[in-house]
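User: I'm new to this one and would like to learn how to read it. Could you walk me through a few features?

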Amino acid sequence: MRSSSAAVAALLTATVALPVAAQNAGFTWENATELSFVNTAGNASSTTFGVKAALTGTGAPNTLKIELGGIRASSTLTTRRATGTAGSFTLTETETSEPTAASYFARGRYDRAFAGAFAFGGAGWDRNTFAGIQNRYAVVGGLGRAWIEGESGRFKTDLGATYTIQKDVTPTAGDDDAFFGFRASVEANRRLTATADFASMFIADQNLETTSDFRADWINSIAVSISEGLALKTSVQLLYDADPANLSVPLFDTGGTQTGTVNTSGDEIDSVATLTLVIKL
């Protein structure tokens, strides 16, 4: 098997090659930026911020798409303590803020259509330390077909080979952090009304070296246009990992004293529901 350094070099080469491939293609560019923010204050305080930017270039028969984004959530715990007597006391408050969720990604993909089908190549990186993933790099290449392509909707599928390097926050001794895999995806879009669109994307990844390691990413969304350049988008994303990364958990004795840490598997399913403002340029 290739070394991790060789795979990283391949990833970097693929990432650089994406914009170079489109340099002379006469592309028309479109940008869509999604912003979400939730803040609560008072007796309970929390903040959630998310951003996603997608730059898409089209120039028949080529399509180039570059995406990056992330979600970060934090909560503030207020501890109150009174000093004095029941009739006369001084109240002090201590606030402790800590992150409760954080995930980030960057990826690019280049498609070239021919005879009703298309070939594609791409590269990506993601991080989700709360799910136990410090860094995951992947390259993919394969073939696909657009079964329906029109103003009212689109439906296409593709199959590809992958090479992944995954570095966990808490590595498992003896595990191989670089592996070949197989990916299948289904993308569907449908115009519901003159101002509303539905989109669905399903991606399945199978580790060919550890068959128990199967991952799936399914996201469904509805976007409603407010104006020519603005839209409100509601989406629900489900992430499944049959072999989740290890998490380090504090270990306490029966008296409540921490004696160390232990490793345990994370949850197999994560879900993310968002309401975002989409800005199109």
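Predicted model: local features only at pLDDT ≥ 70, side-chain atom pairs only at ≥ 80, totals over all residues.

User: Where does Asp158 lie?

Analyst: Look at strand β7, residues 153–168: Asp158 is part of that strand.

User: Is Asp158 buried or exposed?

Analyst: Buried means under 20% relative accessible area. Asp158 has 8% relative accessibility, so it counts as buried.

User: Which side chain makes a polar contact of 2.6 Å with Asp158?

Analyst: That's the side chain of Ser185. The side chain of Asp158 also has a polar contact with that of Arg109, at 3.1 Å.

User: Now for Ile279: which strand holds it, and how does its accessibility count?

Analyst: Ile279 is in strand β14, residues 269–280. Ile279 counts as partly exposed because its relative accessibility is 28%.

User: What does Ile279 touch?

Analyst: Skip residues up to four places away in sequence, and you get Asn31, Ala32, Thr33, Leu35, Gly229 and Leu230.

User: And where is confidence lowest and highest in the protein chain?

Analyst: Helix α1 (residues 4–21) is lowest, with a mean of 52, while strand β9 (residues 196–207) is highest, at 96. For the protein chain, the mean pLDDT is 86, and 90% of its residues reach 70 or more.

Note on methods:
Residues numbered from 1 in each chain as written. Heavy atoms only, no water. Helix = DSSP H or I, 4+ residues; strand = E, 2+ residues; numbered from the N terminus. Buried < 20%, exposed > 50% of the residue type's maximum accessible area, 1.4 Å probe, protein only. Polar contact = N/O pair within 3.5 Å; in protein donor to acceptor, adjacent residues only side chain to side chain. pLDDT = per-residue confidence, 0-100. Contact = heavy atoms within 4.5 Å.
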